[in-house]
Amino acid sequence: MFVGPTEDIMYPEIYVKDSEHEVLNEEFKTITMDISLMLKAEGKTVRPYVPGLPYFSRLPLDKKRDAVEKVRFYQELCHSQLAEGYKINDSLSFTWKAFRRLGLVPSSDLFSHIQNEDIIEIYSKEHVQLFRNFNFFDCCSYTLEELNTYEWWSLFEREEAVTQKIIDACNLVFNGEVDGTFVPDVPVHQLREARSAERLTMNCEIRRMAPVYRNKRPDCVIVLEKVEMIRN
């Protein structure tokens, strides 16, 4: 029976795609386990992934590649931090290192306002989370797999009115209406995990926000937060 060129092309292509899926699965597991072990050495418990890698495994190839790049960014950041003699838990130096790697410039007064217990997050204009420090995991039960598989806004719940106030504060940054750190008009509010089994709940205070610059223009926003866990 004649086997046409279509079959000859299709099957190797399918094999290559399946193979790349497997390679990315293993790469993601290796990187997240490495991060988890580095943090464990500093007394932080961060689970790398759910057994069986159920969420990452279902992603299409392009999303898998993006997720691997995200966790690789943190892995390299952690190794660089340790190689220079700093602890990963040192929020000031860890955040400064993230700025350099992301090619971003903070407002001139930002680092005078950062406290070591702060949760620090950087978001782009498109609401993509570019960075979080590992204080985040003191009040979070999600694995690195879940955090890098789902969109951040689908992982947590808060009142819509509070979300709108946060958006309004971000717009002040991106519209160029502020040029340093400021206290946003966002009340202390409850934040709840939406997808986890534990459904951890916390009181969240957004202490400060500030523009982050690229080519002297506001390109991102940085958020400094304090949280207090609430017993469920």
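These notebook entries record what I looked up on one helix pair and on the aromatic rings.

**Entry 1: basis.** I worked from a predicted model, in which local features need pLDDT of at least 70, side-chain atom pairs count only at pLDDT 80 or more, and totals for chains, interfaces and linings use all residues. Residues are numbered from 1 along each chain as its sequence is written, and side-chain values use heavy atoms, with hydrogens and water left out.

**Entry 2: α3 and α4.** I looked up helix α3 (residues 61–83) and helix α4 (residues 91–102), which pack at an angle of about 125° with axes 10 Å apart. Helices here are DSSP runs (H or I, at least four residues), numbered from the N terminus. The axes are lines fitted to C-alpha atoms over the stretch in contact, and angles run from 0 to 180 degrees between N-to-C directions. α3 and α4 are therefore oblique to each other; oblique covers what is left after under 35 degrees (roughly parallel), over 145 (roughly antiparallel) and 65 to 115 (roughly perpendicular).

I then noted the contacts (heavy atoms within 4.5 Å). From α3, F73, E76, L77, C78, S80 and Q81 meet S93, F94, K97, A98, R101 and L102 of α4.

**Entry 3: aromatic rings.** I counted rings of Phe, Tyr and Trp (its six-membered ring) as paired if their centres lie within 6.5 Å, with planes under 30 degrees apart as stacked, over 60 as edge-to-face and the rest as tilted. The count comes to 14 aromatic pairs. The ring centres of F73 and Y74 are 5.4 Å apart and their planes stand at 75°, so this pair is edge-to-face. Both F73 and Y74 are buried (under 20% relative accessible area, 1.4 Å probe, protein chains only). I found F136 and F137 to be edge-to-face, at 5.6 Å centre to centre and 80° between the planes; both are buried. Ring pairs link F73, Y74, F94, F131, F134, F136, F137, Y142 and F156 into a cluster.

Conventions:
Helices (H or I, at least four residues) and strands (E, at least two) are DSSP runs, numbered from the N terminus. Buried means under 20% relative accessible area, exposed over 50%, partly exposed in between (1.4 Å probe, protein chains only).
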